[in-house]
Amino acid sequence: MIVTAQQLIACSPLLILLLTVIIIMLFIAYSRNHFVTFLCSMIGLTLSLMSLYMVKRTVPINITMLFHIDEYSLLYTSMIVLSSIITCVFSYLWIKDSFYNSDEFYLLLLLSTIGCISLIIANHMSVLFIGMELISLPVLGLISYTYCTKNSLEAAIKYMILSCSVSVLSLFGIALIYSITGSLMFSSLIYELVISLAHPNIILLCGLGLIVLSFSFKLSIFPFHIWTPDVYKGTSSTVLTYLSTATKIAVFSVFFKIFIFLISFHVEFFRIVLEIMICLSIIFGNFMALFQTNIKRFLGYSSISQFGYLLTSLLISDDFNFSLEVVGIYLVSYLLSNIGMFGLIGLMSSLNKNMTFETITSYRGLFWNCPILSSIITIILFSLSGIPSTIGFIGKFYILSLIVKENFWILGIIFVIGSIIGIYSYLKIVTYLYLEPLVDNGQEKFVFNYTKKVYVLVLLIISVLILLLGIYPNIVIDIVSNSEPIFF
């Protein structure tokens, strides 16, 4: 097998991250130094992000039969790497102050990022499975990193047991597909489905069903959401910055790429199952979020409904480009809101060591102590709820347009009901920010040193981006429209 220079360039984001992992391992073996490991990770991730500009000139391209890189995969790879960079930034002080074994955190983060990128550019079932495992196993380590704190080990064990069970089912699904197609290439699967549209093979559908199940688990789609609130509650805010964004964006990008085909070829079985899952995810996620008192559990249930909305993009009948825009814009909105929200929770916990800021009531009166942080939270929550002038509103508007365009009236009613419940839940938290603070709620005046001011600046940039892209979304729309996947 001969690998060309173009193929090497196309693989450069992955190769840079692999090289960074090796360098960090050598540093750890020689002498532990948290700052050097952090610096190496940041340089590796930044170079990986910058290399995407060079890769853009070589795509679309196949790297053997295992990987396929096109502009679609570049868009989502950039989101993953951006999420990892911001997680690195927010983790530095948290790890420095809390752990001896700090260097391994960056190794786990980089390995999981490699898994995410592998999944996005996968063109073969074996890469799909390995990519999913390469995401999950380091994430398991990240979740249990704070093993001394309450709920952390419980979250890790829950995630491990459910993730392993789903992996076994996913592997069985791949085996069933192979037994019918005789190949593990995505194209063989699609070909087999297309030629058997009139009488679909039951074994093939069972295999695909098991793959859908594994995707649904990773995306916390109802009824496979059971792990989400508990794992969110037991995981540190810094890890959630990555877990809630990078892993889900990677899984959804490949899910969309494969299953948009099934819908566009009118595989009714998947359409019906998908519609049921969308309706239940929207209603259940929003309804359960309404009763939460813990902010992480609230955001966990919120993510169930957010991906319920996003799955609507798979129901498009013919206008594929519109569906592509819906996914791109919604995921950009989701990325900015979640890294902002979890980054902010982590920052506030580090500013006041006496409070974890995990209960919603602990945010009461925040505006009177720190107007800038409360303003950032307000913008992020407005975006998540879909209030106008934010990128979140543009994402929700696109989904509603798709529902109206395709005449999904029942889904439209569910969308409106879910959105109303969701807006009420988010505004309830916003209201807490501006109430008079309680005398004994433990909040103190925040004091920002130089490093903390950098963190506030990062959060401020994120909130400005949320507003800017909400008022002028053409930048995102143009990027997303030009990132059409080239199918297999």
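Here is a walk through some helices, charged pairs and nonpolar regions.

First, some ground rules: this is a predicted model, where local features need pLDDT of at least 70 and side-chain atom pairs count only at pLDDT 80 or more, while totals for chains, interfaces and linings use all residues. Residues are numbered from 1 along each chain as its sequence is written, and side-chain values use heavy atoms, with hydrogens and water left out.

**Stop 1: helix α13**

Select residues 295–311. That's helix α13, with 17 residues; helices here are DSSP runs of H or I, at least four residues, numbered from the N terminus. From first C-alpha to last, α13 reaches 24 Å, close to the 24 Å expected at 1.5 Å a residue (the expected span is 1.5 Å times one less than the number of residues). Is α13 mostly covered or uncovered? Mostly covered: 17 of its 17 residues are buried. Buried means under 20% relative accessible area, exposed over 50%, and partly exposed in between, using a 1.4 Å probe and protein chains only.

One of its side-chain oxygens comes to within 2.8 Å of the backbone nitrogen of K296, at the start of α13.

**Stop 2: charged pairs**

The term means a side-chain nitrogen of Lys or Arg within 4 Å of a carboxyl oxygen of Asp or Glu. E358 sits in the loop between α14 (320–351) and α15 (366–369) while K296 is in helix α13, so this pair ties together parts that are 62 residues apart in sequence. K296 is buried, at 3% relative accessibility, whereas E358 is partly exposed, at 22%.

How many salt bridges does the rule give? The count comes to seven.

For another one, pick D103 and R32, whose closest N and O atoms are 3.3 Å apart. This pair links distant parts of the chain: D103 belongs to helix α5 (residues 103–120), and R32 to the loop between α2 (12–30) and α3 (34–55), 71 residues away. D103 is buried, with a relative accessible area of 2%, but R32 is partly exposed, with 32%.

Next, go to helix α7 (residues 152–181), where you'll find E154 and K158 four residues apart, about one turn of the helix. They form a salt bridge as well, at 3.3 Å between the closest N and O atoms.

**Stop 3: nonpolar regions**

Switch to a surface view and select I372, L457, L460, I461, V464, L465 and L468. Together they make a nonpolar surface patch of about 560 Å². Patch members have over 30% relative accessible area and no salt bridge, and nonpolar side chains are joined within 5 Å. Helix α19 (residues 450–471) gives the most to the patch, with six residues.

Methods. Helices (H or I, at least four residues) and strands (E, at least two) are DSSP runs, numbered from the N terminus. A polar contact is a pair of N or O atoms within 3.5 Å; within protein, one must be able to donate a hydrogen and the other to accept it, and residues adjacent in sequence count only if both atoms are side-chain atoms. Patches are made of residues with over 30% relative accessible area and no salt bridge: like charges are joined within 9 Å, nonpolar side chains (Val, Leu, Ile, Met, Phe, Trp, Tyr) within 5 Å. Accessible areas come from the Shrake-Rupley method with a 1.4 Å probe; for residues, only the protein chains shown count as cover.
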